[in-house]
Every structure is written in structure tokens, then in C-alpha cells.
Amino acid sequence: MTATLPVERSGGGRHLAGTGTLLRFALRRDRVMIPVWIAVNALMVLSMPNTLRNLYATDAERADLLRQMAANSSLRAMVGPVFGDSLGALTAWRVGVYAGALAAVMSLLIVVRHTRDEEESGRAELVASGAVGRRASLTAALLAAAVADAVLAVLLAAGLAGLGAAGAVAFALGVAATGLVFATTAAIAAQLTESARLARGIAAGVLGAAFVLRAAGDAATDDGSSVLTWLSPLGWPENLRAYAGERWWVLLLPGAAVAVQGAVAYGLAGRRDVGMSFLPTRPGPAAGRLASAGALAWRLQRGGVLGWSIGFFLAGVVYGGMTEGAADLVGDNEQAREIFERMGGQSGLTDAFLASMIGVMGLVAALFVVASVLRLHGEETSGRAEPVLACAVGRLRWASGHLLIAFAGAVWLMLLTGLGFTAGYGGEAGPILAACLVQVPAVWVVGGLAVLLYGLLPRAAVAAWAVAGAVLLLGWIGPALDVPQTVLDLSPFGHLPKLPGGEMRWGPVVALLGVAAVCTAAGLAGVRRRDMES
């Protein structure tokens, strides 16, 4: 007998038949990914009060911070305005924007994975052949995102309750609401395109636009009152003003956005066949031909490379423009100076800030490399690699095309970062470009580990994201928490020379290049010898 999912007899209920089963399946599939995202976000937020307590220990230091932020538009563009001098208000100011952005990324990845990814792989059609409602998959995906956001909100509210219950609840609801807004954005994107990659790109593009709107609005005003800030979903939690006279009515804005976008997504889902979309992909190249496996890899990844390139250059411009303002903000605060020095070295404050921010961009470049390497895994598991390998194309040649884009793309992104820093800061290009390029060996080590996992343990290839996340966490939060150097050295970025301003040390650079080469070679050997998945 064939097992079937329960069917509800009511007119509306039949469209949601099997939702509960699909939800449990989605949560089971994401039993690693969701907890990792939640843990990273929660750790970032909950570690901040103690850090800020050490940074701004006196009322005078906090009052000086408020005055500096009111006058420093570049820093407001990055982290938003500060609305109070309490420890809770400072925590909401320092991590609110980034906690909301991380929740948004987590939510959009969950929704696309359990909607368009399933259709692209053909699994959704198999599921739909059973007694499953037309909108069950979309509902289950949105509910999975809602569960993840709800768990995150509970952890944040409980962890921040000691600073004030009302503020903790407001902050947690603001972060969770941001995640739900972009979950429904991703649900719409999944209906518009046939490609899961493009759906993620559309949703991520909306998130990037929201960040730019909020940044422009906060740079213009110091109280979050700009129209641009109100137009951005990332500006709504900020204007909720956790720990600074909560404005609960602001939660109506994300609530309305979720309702409207959800209705649009459900309407679109009911008007198309499984596997189809409203923006169909053109079959094949518009002009010319694909002469090699490398050309095919470039065609598949060029959109992603373009998006990352724009983001890195603009981030470099913004961080470069912040450099002088950051030096003014730190002033005589020894604790803040020590954090920058742990991240960027013992040079002057300006060089230390540049080195720390360039290091952050290197950490983000590691995410690009992992995404690019794991494109191999996606091509293999979807079955698209088989027709290519059935031709006169060897496995190493096929894999090398994608790896060339991944590793060379990292160099390209760091060069663009250096050009952006130079444009924003106005300093000499040589030292800044050298500081950016010195990040590449550590980025390549993370990429080499991703190749190693894919080649030897293809079913565990997604663990490369956990490696990249751990490296990002150590580099981003570790210095602020004064984590022991032995722990920081677990990250390849912990061994790099701190440029500009520090002494160039070639030994660690060469060693990291060697580790990256060995891991990549071992991974390619695994690809050559093992069976291909499908």
C-alpha cells in the first residue's frame, strides 16, 4: 500500500492538507542549520551587554558616546542612532540592525530551501503526487521560518530580561518580525523564478536595498525620523526603541508587511503549476556557445560574482569613510582601543581600525568562497552535472572551472574592497590593497576545507557553512569578548599579519597557502575517485 497524507474535506482546508507532516520534515532537514543560525545570532546579541559594560563603564563615557553618535553620520549609517544611555539601549543600538539582518537571512534561506529548491530538484512534484494540498509546501516553509524566529525571540528575550523585561521583549519581537518580513519576501521570490539561486538572490537583493535605505536615512537624521528609515524593514525595529520608551505600535508595520506579502505569495502559488514560474529562465545562452566546462561554470556563477562585487566595493567605500569618524568616537576610551588593537594590531588607531575592518571583509569573503565551492555540490545532487560529465569532460576539469571562480573570485573581491577603502578613506592605495590581499590565504583555507568536505564527505558538504560560521564568529565577536589567543588561533585569520601598520610576516602566509593547497588537492582526489550523487 502507498502511504498518503491526510486530506481535509473543507474547501479551504484541502489546500493545506499535509502541512503538519511537511513542517515536521522541514524542521528535521534543518535540524543542524537552524540551531546554528540561532546560536550565532543569540551569542552575538547576548555577549554584547558585558562588552558594552566594560567599554562605557561611567555615565560620562555614555553621555560622550551619545554626543559623538549624534554628530557622526557615517557610524549612524552602519549601526543606527542611539536613543538612550542605559545598557539595554546601547545593546539594542549596537547589534539591533545586524541581529535583524541575520534573522532575515536565516528566514529567507529556510523558505527558499523548502519551496523553490524542492521544485527545482523534482522532490516537490513527487510529494504533490500524494494527498498534499496545493499550498501546503509554502505554508510549511513559512511555518518553519516562523518557528526559527520564535525560538530566537524567546532566547533573546530571556537573555536580555535582566536589563529590563519590556525592552527585552520589544527587542526580541523586532528581530523576529524582521525575519518574518523577509520570509514572506522570499516566498514571493520563490514564485517568480524557476531557479532557487535566483530566488535567494532576489530576496537578498531586497535585504540589501533595505539596509541601504536605512543607512541613508540614519545618516541624514540622528533620531530615526527619516522617511528612508521608515521605508526600510530594518529601520522598523530601530524605531521600536527597545529600552528607550518602547513604541509598540511600530510592530504593526512588519505585521502588515507579512500579511500583504503572504497574501501575494499565496495568490501567486495558486496560479502556477509545480516547477513553473512567472519569470521563466531562458533555455541556453542568448548568444555564442559554451566552449568549455569553465565557460559553463562562469555562466552559472557570474550573477553571484557580480552581486558580491558590488557589495564588497560599496562596503569598502562605507568603511573607508568611517575611518576618521571611528578614531574620533573611540577617543580616550581604552577598552574600545584595546578591542580594535586585538582585531587590527598594535599600530596607530587609524591603521588598527582599517586592519580590523579589512579583516571583517576577509571573513565575509570566506562566505563567498564556500557558496561558490558548494555550487559543485548543487550541480551534482540536482543531476545537472551528469550530462556535462557524459561528454568529453573529466571530473577534475569540470570541478576546476567552479574552483577557479571561487578562489580567483576571492582575490577579485578583496581587490575591490581595497579600491573601495581607498575611495572612501582617501589614503594611499598601496598599503590598503596589500592589507586586503593578505587576507586571501586565510580565505583560501576556508575554501580548501569546503573542497575537502565536498570531495571526501559529499553528504556532509554543507558542514562547510558551519566552518565558515565558526571562523566568522571567532573573528567578529572573539576580540570583543577577550577570547584567549589560543582559541582565536583556531581560525586561519588569527595567523595573518595585521596590515596596514603592522609588520609583514611571510611565514604564516606561506603556511596558510600550503594548507589551502593540500586541502584542495585532497578534495579533488576524492571527487575523482568516489561515486557521483544524484
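Is D218 buried or exposed, and what is its relative accessibility? At 0% relative accessibility, D218 counts as buried, where buried means under 20% relative accessible area, exposed over 50% and partly exposed in between (1.4 Å probe, protein chains only).

These legends describe a predicted model, in which local features need pLDDT of at least 70 and side-chain atom pairs count only at pLDDT 80 or more, while totals for chains, interfaces and linings use all residues. Residues are numbered from 1 along each chain as its sequence is written, and side-chain values use heavy atoms, with hydrogens and water left out.

View A. Helices (H or I, at least four residues) and strands (E, at least two) are DSSP runs, numbered from the N terminus.

**View B. D30 and R113 form a salt bridge.** The structure holds 4 salt bridges, and in this one the closest N and O atoms are 2.3 Å apart. D30 sits in the loop between α1 (19-29) and α2 (33-46) and R113 in helix α6 (residues 87-113), so the pair ties together parts that are 83 residues apart in sequence. D30 counts as buried at 1% relative accessibility, whereas R113 is partly exposed at 23%.

**View C. R530 takes part in a salt bridge with E380 and lies over the face of Y454.** The salt bridge spans 2.9 Å, N to O. R530 is in the segment after α25 (506-529) and E380 in helix α18, 150 residues apart. R530 is buried at 12% relative accessible area, and E380 counts as buried at 1%. From R530 to the ring centre of Y454 is 4.9 Å.

**View D. R375 belongs to helix α18 (residues 375-381).** R375 counts as buried, at 14% relative accessibility. Leaving aside neighbours within four places in sequence, R375 is in contact (heavy atoms within 4.5 Å) with R197, L300, Q301, R384 and H402.

**View E. W308, F312 and F368 are linked by ring pairs into a cluster.** Rings of Phe, Tyr and Trp (its six-membered ring) pair if their centres lie within 6.5 Å; planes under 30 degrees apart count as stacked, over 60 as edge-to-face and the rest as tilted. By this rule the count comes to 5 aromatic pairs. Among them, W230 and W249 are stacked, 5.8 Å centre to centre with 15° between the planes. W308 and F312 have ring centres 6.0 Å apart and planes at 45°, so this pair is tilted. Both residues lie in helix α15 (residues 293-330), 4 residues apart, or about one helical turn. W308 is partly exposed at 28% relative accessibility, while F312 is buried at 3%.

How values were computed: A charge sits over a ring if NZ of Lys or CZ of Arg is within 6 Å of the ring centre and within 35 degrees of the ring normal. A salt bridge is a side-chain nitrogen of Lys or Arg within 4 Å of a carboxyl oxygen of Asp or Glu.
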